[in-house]
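Dear colleague,

I am handing over the structure below, and after it I set out what was found. Please read the notes with the model open beside them.

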Amino acid sequence: MTVEVWSDVVCPWCYIGKRRFASGLTAAREQLAVEGVEVDIEVSYHPYQLDPTASPGVSGPVVEAYAKKFGGTDRAEAIIANVSAIAAEVGLEFHMDTALRANTLLAHRVIWLAAQSDSPVAQDVVKERLLKAYFTDGLDIGDPEVLADCAAEVGFERDAIASFLDSDRGTSEVGDELRFAHDNGITAVPTYVINQQWAVPGAQEPETFAQVLVKMAQRAVAEQA
């Protein structure tokens with residue numbers, strides 16, 4: 001069974017959703033094991049850009065970006081405080097007062113690279129590190145040097161990542177996936193697409209994820225019988 005997660009690196013609900021989904025996935029696997037249902041659940045991450053018009057190589061305080069988008073600094077700070085409190089409930093420490101909004105195309109290319117068969121690092125690990133870099137560490141995830149450092153921390157060779165980002169590899173593939181999301185009605189993230197049949201939008205509660213995963217796993221096994 002496949003779960004394709006469409007998300008961005010600068011989306012707070014994508015990070016919160018990642019934690020909630022992980023809890024739901026664990027619960028689903030435990031329930032399926034009790035029921036004697038054997039099914040592999042493969043999770044992969046795919047790109048989405050909340051702001052594809054963001055200038056490459058340019059970053060700025062996320063508070064300013066939120067103020068522009070949501071109608072002023074007070075409103076931006078209230079939104080950030082609320083989402084940070086929700087993030088804390090799932091064990092995440094947000095420091096969005098120091099976060100730097102940047103174009104995420106390069107970050108998505110690194111995440112794409114981690115999904116390739118010869119990658120030395122699991123894609124989930126790379127995705128997690130880049131989310132933390134943005135939301136917790138206040139790093140510029142649009143900077144190739146920062147991305148190379150983060151990738152090296154989790155097991156990539158830094159020089160290999162630097163060379164990769166200096167090339168065009170993965171650019172067309174990530175572009176194709178971005179267009180696929182647009183053409184298939186994915187207009188908000190996170191969105192979880194299960195077996196290319198069922199879409200679950202948003203950072204749902206773990207119980208919701210668990211229920212959907214169990215139902216889809218049971219259906220997949222029944223169809224194979």
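In which sense do β1 and strand β5 pair, and over how many bridges? β1 and β5 (residues 191-194) pair in the antiparallel sense over 4 bridges, where strands are DSSP runs of E of at least two residues, helices are runs of H or I of at least four, both numbered from the N terminus, and two strands pair if DSSP finds at least two bridges between them. Within β5, I194 is the bridge partner of V3.

Before going further, please note that this is a predicted model, in which local features need pLDDT of at least 70 and side-chain atom pairs count only at pLDDT 80 or more, while totals for chains, interfaces and linings use all residues. Residues are numbered from 1 along each chain as its sequence is written, and side-chain values use heavy atoms, with hydrogens and water left out.

The sheet is an open one of 4 strands in the order β2-β1-β5-β6, with mixed pairing. Its edge strands are β2 and β6 (198-201), each of which pairs on one side only.

Helix α8 (residues 171-183) has 13 residues and reaches 18 Å from its first C-alpha to its last, close to the 18 Å expected at 1.5 Å a residue, the expected span being 1.5 Å times one less than the number of residues. In α8, V174, G175 and A181 are buried, a word that here means under 20% relative accessible area, with exposed meaning over 50% and partly exposed in between (1.4 Å probe, protein chains only). The buried residues of α8 pack against β1 (2-7), β2 (42-47) and α4 (105-114), contact meaning heavy atoms within 4.5 Å. Just after α8, G185 takes a positive phi of about 80°.

Turning to the aromatic rings, those of Phe, Tyr and Trp (its six-membered ring) pair if their centres lie within 6.5 Å, and planes under 30 degrees apart count as stacked, over 60 as edge-to-face and the rest as tilted. By this rule the count comes to 10 aromatic pairs. The rings of W6 and F180 have their centres 5.6 Å apart and their planes at 20°, so the pair is stacked; W6 lies in strand β1 and F180 in helix α8, 174 residues apart. W6 is buried, with a relative accessible area of 3%, whereas F180, at 43%, counts as partly exposed.
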